Amino acid sequence: MASRRMETKPVITCLKTLLIIYSFVFWITGAILLAVGVWGKLMLGPYISLIADNSTNAPYVLIGTGTTIIVFGLFGCFATCRGSPWMLKLYAMFLSLVFLAELVAGISGFVFRHEIKGTFLRTYNDAVQNYNAQDEKSQAVDNVQRSLRCCGVLNYTSWYTSIYFPANGFPVSCCANMSDCNPQDLRNATIGPTKVHQQGCYELVTSFIETNMGIIAGVAFGIAFSQLIGMLLACCLSRFITANQYEMV
């Protein structure tokens, strides 16, 4: 029995080393997920706010998962150093939950990017028609038009039927050149169209969101499947320690 323990000790040491390295990498991926989630929320926030509230939870899932991974990544290192079978099993169970959460986030982002065109045209057109320059959706429209340098839904003529246009003309966010664009010109039906961007926002926005949601989904899928390695290492180490009654002081 003693000789068998001596034979398996190098295996356990090797597994512990690999799992510590993995836990460190796991901690880094948590930080990456947190950063990607915050980036997705900040960068896509103005666009997502123009769509139904239940359109996607991917950025929030990534933020929550990334924060939790940072905590449990440290726990994984501690459990490995202690050589505690029950801690290692708990760590493996957590990795399986992370795997499922990231898989859901990736699928959510992937599905969302293909559904965007079906809902965005209606919701963005509604936001333009009811624009008042003050509420959240109106500010989101301004953010979209400024950042993508566009005007209206399909083009600037979308504003002609809005409740904002009769009294105010085009919004300032439509201006092609801010130094050569004043409220009087924007209210002028003849001069106004020459001062604003000619391209509509619909195609630009859908292309932007599809591209970036694809990035979120790809990162989530890639990191999710890496959890399988950690689960395997943690389960193997726990089994070896239990079977050989090995304890690390």
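Predicted model: local features only at pLDDT ≥ 70, side-chain atom pairs only at ≥ 80, totals over all residues.

Start by selecting Thr242, which is partly exposed because its relative accessible area is 44% (buried means under 20% relative accessible area, exposed over 50%, and partly exposed in between, with a 1.4 Å probe and protein chains only). Thr242 sits in helix 8 (helices are DSSP runs of H or I with at least four residues, strands are runs of E with at least two, and both are numbered from the N terminus). Show the side chain of Thr242 and you'll see it reach the backbone oxygen of Ser238 at 2.8 Å. That is a polar contact: a pair of N or O atoms within 3.5 Å where, within protein, one must be able to donate a hydrogen and the other to accept it, and residues adjacent in sequence count only if both atoms are side-chain atoms.

Residues are numbered from 1 along each chain as its sequence is written, and side-chain values use heavy atoms, leaving out hydrogens and water.

Next, go to Lys16 in helix 1 (residues 2-48). Buried or exposed? Lys16 is buried, with a relative accessible area of 9%. Select Cys77 too: 61 residues along the chain from Lys16, its C-alpha atom is 9.3 Å away from that of Lys16.

Now colour residues 20-40, 60-78, 90-112 and 215-241, which an unreviewed UniProt entry lists as "transmembrane region" (positions are in the numbering used here, feature names are shortened, and annotations may be inferred rather than shown by experiment). Residues 20-40 are 100% helix and 0% strand, with end C-alpha atoms 30 Å apart. Residues 60-78 are also 100% helix and 0% strand, and here the end C-alpha atoms are 28 Å apart.

Time for Gln129, in helix 3 (residues 85-129). Gln129 is buried at 17% relative accessible area, and its side chain reaches the backbone nitrogen of Ser162 at 3.5 Å. Beyond its neighbours within four places in sequence, Gln129 is in contact (heavy atoms within 4.5 Å) with Ser158, Thr161, Ser162 and Ile163.

How many aromatic pairs are there in the whole structure? A search finds 12, where rings of Phe, Tyr and Trp (its six-membered ring) pair if their centres lie within 6.5 Å, with planes under 30 degrees apart stacked, over 60 edge-to-face and the rest tilted. Tyr156 and Tyr160 are edge-to-face, because their ring centres are 6.3 Å apart and their planes are at 85 degrees. Tyr160 also pairs edge-to-face with Phe165, with centres 5.1 Å apart and planes at 70 degrees. Elsewhere, ring pairs link Tyr22, Phe26, Phe72, Phe75, Tyr91 and Phe94 into a cluster.

Last stop: the largest nonpolar core has 28 residues, and Leu50, Tyr124, Val141, Val144, Trp159 and Phe170 touch the most other members. Such a core is a set of buried Ala, Val, Leu, Ile, Met, Phe, Trp, Tyr and Cys residues joined through side-chain atoms within 4.5 Å. A second, separate core of 25 residues includes Val36, Met87, Val98 and Ile223.
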